[in-house]
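Here is my note, as numbered points. Please read it with the model open beside you.

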Amino acid sequence: MAKMRTRDLILDVALVLLNERGESVVTSVDLAHEMNISPGNLYYHFKGKEQVVEELYAQFHARVLVALQQITAQARGNPKETLAGLTVVSDILQQFRFISQDLRGIHKRYVSLRDAIAKLLSLLYQTLSSLVKLIMDKAQVADSSSASEMLADNLLYTLISYGSYDDLITTKKTQTSIEEHLYLHFLPFLED
């Protein structure tokens with residue numbers, strides 16, 4: 001088995017640490033200590049935490065783009081296929097939850113990522129809107145334009161904010177999956 005490059009290992013450890021603790025809390029020194037390397041070794045590979053976050057964002061961005069392209073290429077107005085595709089997007093958002101659950105903070109703190117975040121969110125919204133419109137048109141829903149935009153908004157909010165507040169609700173007895181939340185959005189269009 002090939003030995004993992006230090007740079008890749010730093011990114012893997014950073015992703016775990018950032019997801020666990022949050023981007024605003026983790027420092028470059030934290031990353032170095034977590035890996036049991038000197039901060040100098042970390043700085044040899046990355047100029048600082050900002051460069052690590054930018055690299056992880058680039059991976060996140062690329063994976064979401066590929067998933068959206070696949071969903072769009074396979075779109076036929078079938079709610080079940082659309083749900084399956086959106087589950088893939090959801091998995092990516094969860095893999096990089098330090099980004100997806102703090103988009104506003106990342107956008108504010110990382111000037112270099114602002115345009116990329118805005119473009120990705122716009123593309124995600126446009127894709128969701130197109131997918132929903134396709135499903136509604138196939139189901140012959142009247143005035144599907146405005147309804148598809150509202151449903152796309154709700155889907156976007158669900159995808160981005162899923163799980164971000166669950167630990168704050170102490171009275172919630174069971175954890176629901178993202179698939180269940182997405183399913184409810186499409187319930188009127190699913191055949192028995």
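**Notes on the predicted model**

1. Start with E34. It counts as partly exposed, at 44% relative accessibility. The scale is this: buried is under 20% relative accessible area, exposed is over 50%, and partly exposed is in between (1.4 Å probe, protein chains only). E34 forms a salt bridge with R21, with the closest N and O atoms 3.7 Å apart. A salt bridge here is a side-chain nitrogen of Lys or Arg within 4 Å of a carboxyl oxygen of Asp or Glu. The pair links distant parts of the chain: E34 sits in helix α2 (residues 28-35) and R21 in helix α1 (residues 6-21), 13 residues apart. R21 is also partly exposed, with a relative accessible area of 43%.

2. On the basis of the model: it is predicted, local features need pLDDT of at least 70, side-chain atom pairs count only at pLDDT 80 or more, and totals for chains, interfaces and linings use all residues. Residues are numbered from 1 along each chain as its sequence is written, and side-chain values use heavy atoms, with hydrogens and water left out. Helices (H or I, at least four residues) and strands (E, at least two) are DSSP runs, numbered from the N terminus.

3. The structure holds seven salt bridges. One of them joins the side chains of R109 and E23, at 2.6 Å from N to O. R109 lies in helix α7 (residues 103-109) and E23 in the loop between α1 and α2, so the pair ties together parts that are 86 residues apart in sequence. Are the two partners buried or exposed? R109 is partly exposed, with a relative accessible area of 37%. E23 counts as buried, at 3% relative accessibility. A network of salt bridges links E23, K49, D102 and R109.

4. R76 and E81 also meet through their side chains in a salt bridge (2.8 Å, N to O). R76 counts as exposed, at 55% relative accessibility. E81 is partly exposed, with a relative accessible area of 36%.

5. The largest nonpolar core has 54 residues, and L56 and F60 have the most contacts inside it. Such a core is a set of buried Ala, Val, Leu, Ile, Met, Phe, Trp, Tyr and Cys residues joined through side-chain atoms within 4.5 Å. Helix α4 (residues 49-74) gives the most to this core, with nine residues. Leaving out residues up to four places away in sequence, F60 touches I92, L93, F96, I99 and L120. Contact means heavy atoms within 4.5 Å.

6. Look next at A152, in helix α9. A152 counts as buried, at 0% relative accessibility. Beyond its neighbours within four places in sequence, A152 is in contact with Y125, L128 and S129. S129 lies in helix α8 (residues 114-138) and is buried, with a relative accessible area of 13%. Apart from residues up to four places away in sequence, S129 touches S148, E149 and A152. The C-alpha atoms of A152 and L124 are separated by 9.2 Å, and the two are 28 residues apart along the chain.

7. Last, the surface. Y165, L168 and I169 make a nonpolar patch of about 300 Å². Patches use residues with over 30% relative accessible area and no salt bridge; like charges are joined within 9 Å, and nonpolar side chains (Val, Leu, Ile, Met, Phe, Trp, Tyr) within 5 Å. Areas come from the Shrake-Rupley method with a 1.4 Å probe; for residues, only the protein chains shown count as cover. Y165 lies in the loop between α9 (144-161) and α10 (178-186). Y165 is partly exposed, with a relative accessible area of 39%.
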